[in-house]
Amino acid sequence: MMNKNSVLQCMLLAGGLFLAACGHPPGDNIPKGQLSIIPMPVSVKAAPDSFLLDKQTVLVAAHPAEKQIAQLFNEWLKELTGYELKIADSGDKNAIVLRTAKDTSHPEGYTLKATHDLVTITGYDSSGTFYGMQTLLQLLPVQKGQTLWIPGADITDYPRFSHRGLMLDVCRHFFPIDFIKKYIDLMAMHKLNTFHWHLTDDQGWRIEIRKYPALQEVASRRKETMEGPYSDQKYDGKPYGGYYTQAEIREVVKYAAERFITVVPEIEMPGHALAALTAYPNLGCTGGPYEVGTHWGVYDDVFCAGNDSVFLFLQDVLTEVMDLFPGKYIHIGGDESPKVRWEKCPKCQQRIHNEGLKDEHALQSYFIQRIEKYLNSKGRQIIGWDEILEGGLAPNATVMSWRGIDGGITAAKQHHDVIMTPTSHLYFDYYQSKGKTEPLAIGGFIPLSKVYSYDPIPQALNKEEARFIKGAQANLWTEYIENGDHVEYMMYPRTVALSEVLWTPADKRNYDDFIQRLKLHFKRLDLKRVNYAKHVFEVRGTVAGNGKGNIQVKFETALDSGKITYTTDGSTPLPGSNQYTQPIRIDSSCTIRAAVFQDDKQFGNEYNQSFTYHKGVGKTVQLATTPNESYYPGNAFMLADGIEPAAVVSDPHWFGYSGGNFEATLALDSIQDIHQVGLDIYSEKQQWVYAPKQVTFSISEDGKQFKEVYKHTFTNASGLIKLRGNVKEVRGKYIKVQAQNAGKISAGAPGAGSGAWLFVDEIVVN
Ligand code: TNX
């Protein structure tokens with residue numbers, strides 16, 4: 001490899017031939033991609049000269065904090081090149097200088113200047129110096145074996161939000177320390193600074209507490225684990241367990257601190273406590289016996305709020321926790337805590353009476369406030385899920401708004417700090433693709449673009465209130481995620497998008513530009529052996545209708561990642577199949593499959609959709625009742641798009657009504673003979689989804705006078721129901737379909753007392 005002097009000579013001697021002869025990017029013509037930084041900095045300017053990093057380059061770090069950062073730089077460099085740089089106290093030629101100014105204008109900010117002789121990173125504080133180093137890493141080539149040109153640059157940068165987090169649930173599934181460290185490394189690479197470690201839950205207690213050995217021996221293990229979709233109610237029959245020793249926890253906290261990441265431990269209370277109750281049954285209202293959770297969802301047994309030994313236990317636990325985690329915040333959970341046990345528990349009722357509390361919600365508030373008082377007295381602050389707002393917020397609590405953004409708005413208006421983590425945008429356990437081969441997920445749909453579009457500041461807040469929004473975080477609940485590879489698949493690249501949401505000024509964010517930078521960023525993730533999801537490469541199919549019976553399938557990819565090929569006979573799309581050039585018209589029943597290929601290698605999921613053609617396909621549909629926002633495919637015509645949904649709640653084609661009825665009218669082009677009408681319906685009582693009481697079809701020639709032609713009454717239907725009614729000697733143009741909601745769910749069934757969901761799709765006309 002050439003050193004800097006020989007390169008200079010080469011430039012002088014060869015002049016214009018330099019590029020061709022040496023194969024380096026000339027200083028003043030840096031490929032744009034080289035300044036492809038994620039998250040996008042506040043200000044980044046390309047400068048004319050490039051810096052050549054070689055074995056003689058010195059890392060200048062005068063103080064211990066900078067030396068430590070220099071050491072981390074070396075670790076990364078070694079992975080890329082096999083060598084490390086010398087760390088020195090001074091140097092002003094062929095040097096990378098790390099320094100820290102004491103500038104309080106922008107916490108965590110830095111400037112980076114790369115010139116021909118020198119790269120200078122000046123942090124406004126130590127974390128800023130660290131982030132400057134992270135940016136520098138992104139200026140290096142993304143492939144091993146390349147000359148290490150650092151393009152000339154002048155960067156000024158600082159974050160938009162101070163809380164930039166990721167949560168990992170290690171209770172539903174357990175992940176070893178080495179993986180946790182990798183998770184933290186990747187966070188640092190994306191300038192995230194808070195790791196929320198969800199350590200206790202119904203299905204496992206994962207932190208060693210020396211005073212309570214049964215937490216290790218009993219609460220960290222479960223007899224078996226639910227397998228497959230919740231509705232299958234299947235179990236694997238295999239014991240499962242694991243916990244972190246205090247030594248391991250200390251190791252992680254230190255590892256994170258070196259990367260300027262604070263670890264926030266979460267100890268759940270009063271709910272999600274079944275594992276702890278199994279170990280210490282006297283802490284529950286009924287006294288047990290209990291069993292560490294084996295299925296997902298919410299359990300009724302919670303810590304007893306009337307029993308003082310519960311508070312003593314939790315204070316003991318928190319004392320050990322505070323000793324392990326030096327950060328200011330302790331997360332105390334507070335979510336999904338049913339009140340049914342408290343309602344029947346004499347001790348809890350006594351507490352309500354003695355304390356003059358209004359009800360069980362006020363009792364939960366009492367519980368949290370009592371714990372808060374204890375933690376505050378030790379100089380710590382609590383964070384809780386937004387349920388801690390119910391019954392009155394503890395005085396100094398920070399609220400994590402997860403059930404949408406309303407909790408965050410309420411808390412900010414009360415001048416409490418808020419961290420946004422809404423299920424609508426930041427639940428990375430939700431699906432990121434509608435591809436049929438996606439691994440099973442809990443539900444939902446949050447593609448990369450949706451994450452990117454998120455703004456943590458709710459519009460409902462004025463400027464003063466908005467200051468209480470400290471930032472946001474994404475959550476990874478791991479019910480359906482068993483190993484590190486799968487964690488990475490769910491987190492990346494969505495975390496990459498999140499990093500820009502949290503760091504980059506809002507007016508500098510641009511999704512198309514982000515996607516372009518992401519291309520190169522994937523190579524960085526490749527170097528780190530991250531199992532990121534490749535959905536931005538994969539083919540996306542959308543169905544469009546024009547109301548005149550013409551349905552078309554259009555294909556695109558977010559990155560122009562290769563050629564799209566397709567088949568219409570259900571066969572596997574191959575590199576040599578029909579090449580896609582324009583939307584495909586659907587005018588008969590068929591199965592369309594499509595995929596993206598680059599160099600004959602397929603990227604991501606394929607598109608695979610069957611269409612069942614009938615007279616109504618592509619015709620106009622008028623909805624008389626509006627579906628629930630979360631279960632609305634987006635356009636009424638999709639009630640007659642030839643696509644019959646699958647027997648799962650998560651199929652995006654269902655139109656869902658919570659408690660309400662369904663009514664829609666389909667209009668054919670002209671008055672026609674009709675011999676069959678139909679509707680697809682879904683029922684899954686576990687998920688509160690019930691078949692309607694009754695469905696009626698009426699037909700009209702003018703859209704005004706309707707005549708009922710078919711009616712069906714359901715008694716106890718379940719699963720996927722393809723209701724089809726044959727009719728005789730009927731002519732008409734308009735077909736009206738009405739389905740009557742099953743009404744209130746009866747006692748004993750999941751969701752008892754709430755209105756049933758009604759799920760319908762495809763209006764069929766033949
Ligand atoms: C709700 S979010 C929960 C978790 C589940 C998650 C699944 C929150 C505070 N509680 O216990 O794992 O939904 O998405």
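Q: Why do α5 and α7 count as roughly parallel to each other?

A: Let's start with the general idea: two packed helices are described by the angle between their axes and the distance between the axes. In this predicted model, the axes of helix α5 (residues 177-189) and helix α7 (residues 246-258) cross at roughly 15 degrees. Angles under 35 degrees count as roughly parallel, so α5 and α7 are roughly parallel to each other. Their axes also come within 10 Å, and α5 passes α7 in a right-handed crossing.

Q: Which residues of α5 and α7 make the contact?

A: From α5, the contact uses Ile-177, Ile-180, Lys-181, Ile-184 and Asp-185. On the α7 side you will find Glu-248, Glu-251, Val-252, Tyr-255 and Ala-256. Sorted by type, the residues of this contact of α5 with α7 are six nonpolar and four charged, with no polar ones.

Q: Now for a sheet: what is the order of the strands in the open sheet of three?

A: In general, strands of a sheet pair through backbone hydrogen bonds, either parallel or antiparallel. Here the order is β22-β23-β26, and the pairing is antiparallel. The edge strands, β22 (540-545) and β26 (584-586), each pair on one side only. Neighbouring strands of this sheet are turned by 30 degrees against each other on average, ignoring direction.

Q: How many bridges join β22 and β23?

A: There are six bridges between β22 and strand β23 (residues 551-556), in the antiparallel sense. To find one of them in the structure, look for Arg-540, whose bridge partner in β23 is Glu-556.

Note on methods
Residues are numbered from 1 along each chain as its sequence is written. This is a predicted model: local features need pLDDT of at least 70, side-chain atom pairs count only at pLDDT 80 or more; totals for chains, interfaces and linings use all residues. Side-chain values use heavy atoms; hydrogens and water are left out. Two strands pair if DSSP finds at least two bridges between them. Helices (H or I, at least four residues) and strands (E, at least two) are DSSP runs, numbered from the N terminus. Axes are lines fitted to C-alpha atoms, for helices over the stretch in contact, and angles run from 0 to 180 degrees between N-to-C directions. Angles under 35 degrees count as roughly parallel, over 145 as roughly antiparallel, 65 to 115 as roughly perpendicular and the rest as oblique. A crossing is left-handed if the near helix is turned anticlockwise from the far one by less than a right angle, and right-handed if clockwise. Contact means heavy atoms within 4.5 Å. Ala, Val, Leu, Ile, Met, Phe, Trp, Tyr, Cys and Pro count as nonpolar, Asp, Glu, Lys and Arg as charged, and the others, Gly among them, as polar.
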